[in-house]
Amino acid sequence: MAERKRLVESAASLKNLTMRYFMEAHAAAARGKPVVWIAIIVPIEILKGFDAVVAVPENHAAMCAARGLGATQAEKAERAGYSMDLCSYARIDLGTWFDGGGGSPSLGLPKPDLLISNNNNCSLLVKWFDVYRRELGVPHFTLDVPFCYGPRSEADTEYIVSQFQDLITTIEKLTGQKYNPEKTAEAVRLTNEASRHWKRFLSFAAQRPAGITAFDSFVHMAPYITSFRGTEEMVAHMRLLADETEELVKKGDYPVPNERYRLLWDNIAPWHQLRNMSERLSALDANVMYATYTSCIGTIEGGVDLYEYDGGDPLRYLARIQNFSVCPYGLNLRYRAMGEMIKKFGIDGVVFASNRSCKVYSVMQMDLMRRVEDELGIPSVMIEVDHADARKYSEEGAFTRIEALLERIGA
Ligand code: SF4
C-alpha cells in the first residue's frame with residue numbers, strides 16, 4: 001500500500017533539523033569545540049550555558065534502527081563480545097563506534113570530551129557510557145536521580161540540584177569556560193514553549209477519528225533528544241507540527257479515516273516497524289493514537305498535562321522534572337498515568353509492547369495489564385518487540401495478538 005503523505009511541512013522541517021543536528025555536531029567538533037555526550041534524560045539546558053557540542057547516543061541508535069540498520073550495527077558490538085541480551089541502543093551505538101562510524105548514516109558521533117549519564121532510566125546506560133570512559137579515557141559524570149514512587153520530595157530535588165552544580169563546576173574545569181546561567185534559563189523557557197505546542201499536537205488524539213497516530217508522535221519527538229532542545233528552532237518545529245495537524249483536522253483529513261479501534265501503546269517506539277505497523281493497523285481500521293512514551297514529555301510523576309516552568313530557578317525546575325520519563329515510575333504512578341490517558345483520549349484497548357531490550361519499561365507491564373483489564377475494564381494485549389533490533393520481532397506473531405485484541409474490542 002502506498003504511504004499517504006500527511007504532515008508534509010512538518011516532515012520537511014524534521015528532516016532539516018535531523019540533518020543539521022548531525023552535520024553541525026561533526027563540523028563544530030572539527031573546529032575544536034568541546035563535545036559532550038549525554039543520556040536523553042540529562043537536561044541539555046544546562047549544557048546550553050556553555051559553548052559545547054552536545055550529542056545523544058540513544059538518539060543516534062534510534063535513527064539507525066528507524067533506517068533499518070539496527071541489526072547490522074548491533075552485530076558489530078556482538079562480535080566484540082557484547083551479549084545480544086543487552087539493550088539494542090547500546091549495541092548499535094557501541095557497534096558503530098567500534099567500526100569508526102562505519103555503516104551509520106551520520107558516520108556516528110564526534111568523539112566526546114565528556115560523558116554524562118544518569119541512573120533514573122536504567123543502570124545499563126551508566127555501564128554503556130562507562131565503556132566509552134574506559135575505551136576513550138574521557139571523564140564520565142553520572143547523575144544519581146532517585147526512583148519515583150510519588151511526588152518528588154524537597155530533599156530529593158535539592159540532592160539533584162547539588163549534582164547539577166557539581167556538573168557545572170566539572171564542565172567549567174574541563175573546558176575553561178565560565179557557565180552562563182541566563183542561557184540555561186532561556187533554554188528552559190524555550191523548551192517549555194515547545195512543550196506547549198507538543199501538548200497541543202498530542203491533544204488532537206482526543207478527536208474522533210483521532211487527528212494523529214502515536215507513530216506521528218514517535219517521529220516528531222526527535223528534536224527533544226537532540227541539541228535543538230531549548231532552542232527557537234525546536235519551538236518553530238513544534239508550532240508548525242501542531243498548526244499543520246490542526247489544519248488537517250479542520251479539513252477532515254485523518255490518519256485512519258475509518259477508525260474503529262483506538263489503541264494506546266505502552267513502551268518505546270518500535271523504530272524498525274513504524275511504517276509497516278502503522279499501515280497494517282490502518283488497513284484494520286485500528287489507530288494506535290496515543291503512547292505513554294511520548295505523552296510523558298514535559299510532565300511529572302504520571303501526569304498527562306504539561307508541568308509548566310514558572311520562570312523561577314531553572315536548575316530547580318530541571319531537577320523537579322528529572323522523573324518525567326516512564327521508566328523511573330513505580331507501578332502506581334504508571335497505572336495512574338495510564339488511567340488518565342484512557343479516560344482523556346477515549347482509548348478502547350492497550351497494546352503492551354514487552355521490549356526485549358528495555359527491561360525497565362517492560363518489567364511491570366504484566367501487573368499493569370491485569371489492573372487495566374480488571375479495574376478499568378479495558379481489553380489489552382502483550383506483544384513481543386525490541387525497539388531497535390528487528391531480529392527480535394515477529395510481525396505475524398504480533399499481529400495475531402493485535403487482531404485478537406481488536407476482535408475482543410469489537411465483540
Ligand atoms: S534499557 Fe531502556 S532505558 Fe536503558 S538505555 Fe536501553 S532503552 Fe534506554
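This is a predicted model: local features need pLDDT of at least 70, side-chain atom pairs count only at pLDDT 80 or more; totals for chains, interfaces and linings use all residues.
Residues are numbered from 1 along each chain as its sequence is written.

Strand 3 (residues 114-118) and strand 4 (residues 140-143) run parallel, joined by four bridges; strands pair if DSSP finds at least two bridges between them. Helices (H or I, at least four residues) and strands (E, at least two) are DSSP runs, numbered from the N terminus. From strand 3 the chain passes through helix 6 (residues 123-136) to strand 4, a right-handed β-α-β crossover, that is, clockwise from the first strand over the helix to the second with the strands pointing away from the viewer.

Now the ligand. Among the residues around it are Cys87, Cys122, Cys327 and Cys358, where near means a C-beta atom, placed from the backbone, within 6 Å. Helix 6 and helix 15 (359-362) each supply at least two shell residues.

Where does the ligand lie? Domain 1 (2-180) and domain 2 (183-410) both give residues to its shell, so it lies between them; the bounds come from an automatic or database domain assignment.

Finally, the two domains themselves: 49 residues of domain 1 are in contact with 54 residues of domain 2, with contact meaning C-beta atoms, placed from the backbone, within 7 Å. On the domain 1 side, helix 1 brings the largest share, eight residues.
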